[in-house]
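Welcome, and please take a look at the model below.

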Amino acid sequence: MKPYSRRTALKTLTGTALTLPLLSDSFASSMNQSEKSAPLKGRINHSVCRWCYSKIPLDDLCKAAKEMGIKSIDLTGPDEWPTLKKYGLTSALPQGAGKGIGDGFNNPKFHDELVASYEAIFPKLKEAGLTTVICFSGNRRGMSNEEGLENCAVGLKRLMPSAEKHGITMIMELLNSKVDHKDYMCDHTAWGAELCKRVGSENFKLLYDIYHMQIMEGDIIRTIREYNKYIGHYHTGGNPGRNEIDEAQELYYPAIMKAIVDTGFKGYVAQEFIPKRDPLTSLKEAVLICDV
């Protein structure tokens, strides 16, 4: 699989140092108190997406993540897994198979190649002690929702016996098609949930990206409550802008995290925002914000 496309598109932004309005006194006070009170509460399993911190050497990111109580680094490939293991970290949502975001399971002409790609990565994931892998619907290219659903289900069902055998859950990402990923098909939670029903296996679930679904749908907490059984992973990001998840943006992450915990979710929540301030300081703040 080619390097995760968002890394290429956005990597120049990750080191930018800009100044945002200061946090409110009450919010900052809460952050300071939380920072002093270790360890983390343990109700959220914290992860972070590698591409957002691509300018930081992986060893350094692993060390910092470990100190913050982060257990995982998302969107890493086979060459990076040994480094994570060295620091006692996992990859809660790895990459390493497929054809990228645009060419996915909704197009039958890609099915043979996609099946071969994922069947090749499953044994590597199992050997590394990993249990998930990311996948994508692909772009519409004029295709109807129904045709896309049927095509995706056909292709994914071919992989379910092998996924189940290796103990791997394929996680399809929900992305916005309004701002960042024009024409992407799996851009609404209800569509993704219907696909889960048609695939009919616990080894296929959704990546609910809170930033992307705020753009497409809003109503985040109600949606999480309604569709939580189809969700296998979460990503964060501030909206608008996909930057820090503090009070400078419109989502209130403590309430969203509480809603996730209340569903009984035991998986991972990964930070996937582009830091505009010091990257590791912003990452630490985000972990504390989400540690409900």
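What follows covers a helix contact and then the aromatic rings.

This is a predicted model, in which local features need pLDDT of at least 70, side-chain atom pairs count only at pLDDT 80 or more, and totals for chains, interfaces and linings use all residues. Residues are numbered from 1 along each chain as its sequence is written, and side-chain values use heavy atoms, with hydrogens and water left out.

Let us start with helix 3 (residues 58–68) and helix 11 (residues 279–290), whose axes come within 11 Å and cross at roughly 30°. The two helices are therefore roughly parallel to each other (angles under 35 degrees count as such). In the contact (heavy atoms within 4.5 Å), Leu61, Ala64 and Met68 of helix 3 meet Leu280, Leu283, Lys284 and Val287 of helix 11. These residues divide into six nonpolar, no polar and one charged.

Now to the rings, which pair if their centres lie within 6.5 Å; planes under 30 degrees apart count as stacked, over 60 as edge-to-face and the rest as tilted. The count comes to four aromatic pairs, including these two:

| Pair | Centre to centre | Angle between planes | Type |
|---|---|---|---|
| Phe105 and Tyr118 | 5.8 Å | 40° | tilted |
| Tyr208 and Tyr234 | 5.9 Å | 70° | edge-to-face |

Phe105 lies in the loop between helix 4 (81–86) and helix 5 (111–127) and Tyr118 in helix 5, so their pair ties together parts 13 residues apart in sequence. Phe105 is buried at 1% relative accessibility (buried means under 20% relative accessible area, with a 1.4 Å probe and protein chains only). Phe105, Tyr118 and Phe122 form one aromatic cluster.

How values were computed: Axes are lines fitted to C-alpha atoms, for helices over the stretch in contact, and angles run from 0 to 180 degrees between N-to-C directions. Helices (H or I, at least four residues) and strands (E, at least two) are DSSP runs, numbered from the N terminus. Angles under 35 degrees count as roughly parallel, over 145 as roughly antiparallel, 65 to 115 as roughly perpendicular and the rest as oblique. Ala, Val, Leu, Ile, Met, Phe, Trp, Tyr, Cys and Pro count as nonpolar, Asp, Glu, Lys and Arg as charged, and the others, Gly among them, as polar. Rings of Phe, Tyr and Trp (its six-membered ring) pair if their centres lie within 6.5 Å; planes under 30 degrees apart count as stacked, over 60 as edge-to-face and the rest as tilted. Buried means under 20% relative accessible area, exposed over 50%, partly exposed in between (1.4 Å probe, protein chains only).
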